[in-house]
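Hi,

Here is the structure I promised to pass on. Have a look at it first, and then read on for what turned up when I went through it.

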Amino acid sequence: NRMLVTETMPLPVKAKQSKTFTFNAMDKASQSATLENHSLTLEFTANPAWYAVQALPYIMEYPHQCSEQIFSRLYANSLATSIANSHPKIKNVFEKWRTEDKQALVSNLSKNQELKSALLEETPWVMNALSEEDQKKNIGLLFDLDRMAGEQEKAIRTLAERQSRNGGFPWFPGGQESWYITQYLVEGFGHLDKLGALSEQQHPDAMRIASKAIAFIDKELLDHYKELEKRVKLGHAKWSDDNLDNMVIHYLYARSFFLNKNISKDLRKPYDYYLGQAKKFWLNKGLYQEGLIALALQRNEEQTTARNIMNSIKERSITNDELGMYWKQNYGYYWYQLPVETNALMIEAFQDIMQDQESVYQLKVWLLKNKQTTHWKTTKATASAVYALLMSGNNWLLEDKPIAITIGNTKVEPKHTQAGTGYFKETWDKESFPKNANQISVNNPNNTIAWGAVYWQYFENLDKIKIFKDTPLQLKKELFRESQTDRGVVLNKIKEGDVIHVGDKLKMRIELRVDRAMEYVHMKDMRAAGFEPTNVLSQYKWQDGLGYYESTRDLATDFFFSYLRPGVYVFEYPMTAQLKGNFSNGVTTIQCMYAPEFSSHSEGVRVLVE
């Protein structure tokens, strides 16, 4: 009747901040005679900006041969070369990862198994962890400068072969040229040029490819305009209508990196028309599109409208002390509805248009907090995020001052810290438990955010476990009895002390609240030994816009969420009371496997069956 309970407290600290945290959950230790301390673990990352760099090999190792992935390899190699050559301190970090600090390249899913509620091997995500580990291990290869130069040349050669005579790129070889794919490559060349990672002097072949691609998207815009002209003549459209679609908006942004490449006489009229449309109809185009329009107008000497757009965007933003600056909106699956890419674009816009360093800092905080709980699974998201972190403000990769942490009366002096990230982990067993461990002080002297967590593990009787609400994941567990009435089925809540009878139909209800996007989340609902679930088949389910896998076991029902959006979710499953007795109904536990510091559990209660 005893269980090992893990309770966690995240420790987020902003740049140049000293903060004291109180772990209120530890007050239980003095209130329960049956609670027995097991261990206290502290883990901390001094510079999370390096996690974005560790995501770069994913771009390079992506196996498919489509045009945008070949370009992504060129992008990753060019960024990596630029990063490695920018400072000897950075080059030393890569060298240490390759030779001494092998733990730096372990997947976040595989780390801290002893602190997780489900072993990775028992979850559906074991292969995800292995693939992320392989990607990180390739970081040593990625930052081998000789190899990078060869990879760059190979990617440029392949792109040159893939490009059609008129400058367009198909998605896969043999396909039709795609306006969007070609434009995406032009945008990427613009990013690399802006960062100085792929200049015309060093790589004239790459810039020749870019020039031909620009000619192709110019022609696509001209054709688009001619189609509109035909529709106006037929009376199906008006010049004064809103004729600004997403492809044109993306064109104006991608083309704005290369205004030094002349706009031809034929193109000037359509270009000016769509620029005028952007000035007039930017509102309500969607956050990502508004950011693209603002940057395009800024680079075309329309600073007043660009600043008006950014002021409007800022008014709609939310700034949270821990999560930084973000927007509340429904993200989707189109290229202009993706959260990481949108945030990265906003960093570029607030930097270039507003020179608003505070907003840039807050946006970078959101980007890194997003990386804390999710695995960037697309090359596009990773490329956008790394570009945004490198193109603006101070170079966070150079920040390496040690973080000062005190737990109670004990000053933490880690035996080993990871190169780059500054990550370390310290554990105290029940014999060496620090005094006043519920008071934790952290001083961050760096210009970047830092984060960590404390994990308290203890043994306690099942029905004495109290509810834990101190993290962004919150659980509430309730038991109901189903009764047939003349109005149909009615659910009556069962309170502690209420008697249940053998044969009663019951319903378990779990309410889950989460305040940020999380990936790889495991929820385990224990149930009384006298209850039998009606549904015994494990299956994938879909409800309220959430997909999850439900697995029924003898002791508990497991729920696995690959992706959890912020919100409130309710889960119910039916059971019957099969056996008489006095049972512990167990607790429901939940934990983000990618960031185990985010966990929670319900309270333990007893049930009486007669």
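Let me start with α12, where the buried residues are Leu267, Pro270, Tyr271, Tyr273, Tyr274, Leu275, Gln277, Ala278 and Phe281. Please keep in mind that this is a predicted model. The cover over those buried residues of α12 includes α10, α11 and α13 (287–299). The length of α12 works out as well: its 17 residues should span 24 Å at 1.5 Å a residue, and the end C-alpha atoms are 25 Å apart, which agrees.

Asp218 is found in helix α10, and leaving out neighbours within four places in sequence, Asp218 is in contact with Tyr251, Arg255 and Leu267. Is Asp218 buried or exposed? Its relative accessibility is 12%, so Asp218 counts as buried.

Leu259 sits in the loop between α11 (246–256) and α12 (265–281), and beyond its neighbours within four places in sequence, Leu259 is in contact with Tyr271, Arg299 and Asn300. Asn300 is 41 residues away from Leu259 along the chain, yet their C-alpha atoms are separated by 8.2 Å. With a relative accessible area of 32%, Leu259 is partly exposed.

**The chain as a whole**

Stepping back, the protein chain has 17 helices and 26 strands. Of its 610 residues, 58% count as buried. If you take the contacts with a separation of 6 or more, 77% of them are between residues 24 or more positions apart.

Another helix worth a look is α4 (residues 67–86), which has 20 residues and reaches 28 Å from its first C-alpha to its last, close to the 28 Å expected at 1.5 Å a residue. Since 17 of the 20 residues of α4 are buried, this helix is largely enclosed by the rest of the structure.

In soluble globular proteins, nonpolar side chains tend to be buried together. Here, the largest nonpolar core holds 108 residues, and the ones that touch the most other members are Phe189, Met310, Phe350 and Leu367. Helix α10 (residues 204–233) supplies the largest share of this core, with 12 residues. There is also a second, separate core of 35 residues, with Leu479, Ile494, Ala577 and Val607 among them.

What does Phe350 touch, not counting residues up to four places away in sequence? The list is Met310, Ile313, Lys314, Met325, Trp327, Gln355, Asp356, Ser359, Val360 and Leu363. Gln355 from that list has a backbone feature of its own: a positive phi of about 45°, although it is not a glycine. Gln355 lies in the loop between α15 (339–354) and α16 (357–373).

You will find Asn436 in the loop between β10 (424–429) and β11 (439–444). At 48% relative accessibility, Asn436 counts as partly exposed.

Pro566 is in the loop between β21 (556–564) and β22 (567–577). Its relative accessible area of 47% makes Pro566 partly exposed. Pro566 and Arg516 are 50 residues apart in sequence, but 4.7 Å apart in space, C-alpha to C-alpha. Not counting residues up to four places away in sequence, Pro566 touches Val514, Asp515, Arg516 and Ala517.

**The second largest pocket**

By residue type, the lining of the second largest pocket divides into 13 nonpolar, eight polar and eight charged residues.

Cheers

Technical notes:
Residues are numbered from 1 along each chain as its sequence is written. This is a predicted model: local features need pLDDT of at least 70, side-chain atom pairs count only at pLDDT 80 or more; totals for chains, interfaces and linings use all residues. Side-chain values use heavy atoms; hydrogens and water are left out. Ala, Val, Leu, Ile, Met, Phe, Trp, Tyr, Cys and Pro count as nonpolar, Asp, Glu, Lys and Arg as charged, and the others, Gly among them, as polar. A nonpolar core is a set of buried Ala, Val, Leu, Ile, Met, Phe, Trp, Tyr and Cys residues joined through side-chain atoms within 4.5 Å. Buried means under 20% relative accessible area, exposed over 50%, partly exposed in between (1.4 Å probe, protein chains only). Helices (H or I, at least four residues) and strands (E, at least two) are DSSP runs, numbered from the N terminus. Contact means heavy atoms within 4.5 Å. The expected span of a helix is 1.5 Å times one less than its number of residues.
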